[in-house]
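Here's a friendly walk through one protein model. Have a look at the structure first, then read on.

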Amino acid sequence: MGRSFHVDSRSCEVSVDSDMPLTPVNELIPVLQVAIGPVILISGVSLLLLTLTNRYGRTIDRSRQLMGELRACAEADRKRLDGQVEILYRRARLIRLSILLAGVSVLLASVLIIVLFLTALWKLEVGLLISLLFIACMLALSGSLVTFIRDINLSLGALKLELGYRKAD
């Protein structure tokens, strides 16, 4: 019940004996064409992940810097620094959620590609599963982008807080 391979060294031909029918290449080409979309999506979301991880690292570094300043600051600066640390903490949580959602989106796109190929190889009809995977992928990506936009708005609030105190000086 297994598959056996035979190689003729004179003609360099490979033959396969199998109980499972092989899927011809001309049937896999349309699957490759359909899989290009999710592959491009993975590439684009990977760039988003790069941006998000850089923002996350900068947020964490800035929080540590402000905590050092907070320990050595005068009482007059404490309120400003406390406000900035609080905003940075909220931003870090938002960015972490955005990274998680973008990662889930990439994972779902990868599973989608695998399912596309398996349905072609095994000649399955799972259109609903493919649709649900794609919808879930897009929902995760949308959630990541909404969270990213919330982080950007929150970072503007931190800048406003800093500038408000600078104007008073």
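## A leucine to start with

Leu100 sits in helix α2. Is Leu100 buried or exposed? Its relative accessibility is 53%, so Leu100 counts as exposed; the cut-offs are under 20% relative accessible area for buried, over 50% for exposed, and partly exposed in between (1.4 Å probe, protein chains only). Leu100 and Ala140 are 40 residues apart along the chain, and their C-alpha atoms are separated by 8.9 Å.

## What you're looking at

This is a predicted model, where local features need pLDDT of at least 70, side-chain atom pairs count only at pLDDT 80 or more, and totals for chains, interfaces and linings use all residues. Residues are numbered from 1 along each chain as its sequence is written, and side-chain values use heavy atoms, with hydrogens and water left out.

The protein chain has three helices and two strands, running β-β-α-α-α from the N terminus on. Helices (H or I, at least four residues) and strands (E, at least two) are DSSP runs, numbered from the N terminus. Of the 169 residues in the chain, 28% are buried.

## Helix α1

Helix α1 covers residues 25-72, which is 48 residues.

## The nonpolar core

How many residues does the largest nonpolar core have? It has 22, and those with the most contacts inside it are Leu41, Val45, Leu48 and Leu52. Helices α1, α2 and α3 each supply at least two residues of this core, and α2 gives the most, with 10 residues. Such a core is a set of buried Ala, Val, Leu, Ile, Met, Phe, Trp, Tyr and Cys residues joined through side-chain atoms within 4.5 Å.

## The largest pocket

The largest pocket has a volume of about 270 Å³, meaning the space filled by probe spheres set on grid points joined across faces, edges and corners. On a 1 Å grid over the protein atoms alone, a pocket is an open set of points where a 1.4 Å probe fits, with protein on both sides within 12 Å along at least five of seven lines; lining residues have an atom within 4 Å of a point.

The lining includes Arg55, Gln84 and Glu162. Its largest share, five residues, comes from α1.

Technical notes. Expected span 1.5 Å × (residues − 1).
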